[in-house]
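User: I would like to learn how to read a metal site and a nonpolar core from coordinates, with the cut-offs stated as we go.

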Amino acid sequence: MKTYVRALTLTNLDLNFFKKEQEEWYTLLFSLLPNFTLMEKMSMAVDLKRKLYHTFVPADLIQEDIVPVKNRNAAPCTRWGCKWPKYGPDVIVPYQISATYNEIQVSRITAVLMDIEEKTCVKFVPREEHQDFLYIFSGSGCWSYVGRIGKQQPLSLKVYYCLNRRIIQHEILHALGFHHEHSRSDRDAFVKIQWNNIIDGKTINFSKFNTINHNISYDYNSVMQYRNTAFSKNGAPTIIANDDAKRVLGTAQSMSDIDYARVNRLYECLTLTDMKPLRNHGEIRIY
Ligand SMILES: [Zn+2]
């Protein structure tokens, strides 16, 4: 029996916020359920909050960024159905933005969508009769499913917290079908995970997935790359680059050329970005 998981995502910062928000639930659960693990309590806190406030926090959020989903793996699902549909040369991603955002907040989101449209063949269209669509709303932190899951697909960008270019791009890339860079199938050739420095119970965030990499090399400058000290319990690095232990990771402020190229490669867009040689960490690689 195969086990399938679908990733949800939260940045380090988001996770801290998420935790803070859940503090009252933790206090309650910790006092009532001393024998449960932190993760079990967290799961219960999320579920309790969802029930009480009818938020869009997925009911089955069991850890900070993994949700079990029946019958599907994550990025490999792009092979058999979690890509967004293509009509002619365009990939159509219908979306709806929650009415709770103000005009400036909406424009921050749409600016990112327009950037991606400009450099790829993905077109974001306001949802009309579309059955499958992204529903961008202000939920608990910043998170997204990986790939298209069908029907109204929540993507959370919490106001005053997630509405910067880097985070919006990061979550949209998840929705288009991409994992974190350090979760790539070939990551061990590029980074070394420092397991001893990871907060107890958080190692799941460093899982490796059987991703499809389309001959596009690992990108230290990807907006999908975690920081060196993500989920560190002692301030020491949890991820180190193989080629240079001092290389600073996860500081990209926006999508790299390679991030755009991988969208074009996955969706078979024919664009200049995809055909140009890709510069990666001082080397020029042509695919
Ligand atoms: Zn993420």
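User: Which atoms are the protein donors of the zinc ion?

Analyst: Donors are N, O and S atoms within 2.8 Å of the metal (3.2 Å for Na, K and Ca), and water is not among the atoms, so sites may look incomplete. Here the protein donors are NE2 of His 170, His 174 and His 180, lying 1.9 to 2.1 Å from the zinc ion, and their spacing in sequence is H-x3-H-x5-H. This is a predicted model, in which local features need pLDDT of at least 70 and side-chain atom pairs count only at pLDDT 80 or more, whereas totals for chains, interfaces and linings use all residues. Residues are numbered from 1 along each chain as its sequence is written, and side-chain values use heavy atoms, with hydrogens and water left out.

User: Where are His 174 and His 180 placed, and are they buried or exposed?

Analyst: Helices (H or I, at least four residues) and strands (E, at least two) are DSSP runs numbered from the N terminus; buried means under 20% relative accessible area, exposed over 50% and partly exposed in between, with a 1.4 Å probe and protein chains only. His 174 belongs to helix 5 (residues 165–176) and is buried at a relative accessible area of 0%. His 180 sits in the loop between helix 5 and strand 9 (191–193) and is buried at 5%.

User: Which residues of the largest nonpolar core touch the most other members?

Analyst: In soluble globular proteins, nonpolar side chains tend to be buried together. A nonpolar core is a set of buried Ala, Val, Leu, Ile, Met, Phe, Trp, Tyr and Cys residues joined through side-chain atoms within 4.5 Å. In this model the largest such core has 36 residues, of which Leu 157, Ile 172, Leu 176 and Tyr 267 touch the most other members. Helix 5 gives the largest share of this core, six residues. Because domain 2 (66–176) and domain 3 (181–285) both give residues to this core, it lies between them; the domain bounds come from an automatic or database domain assignment.
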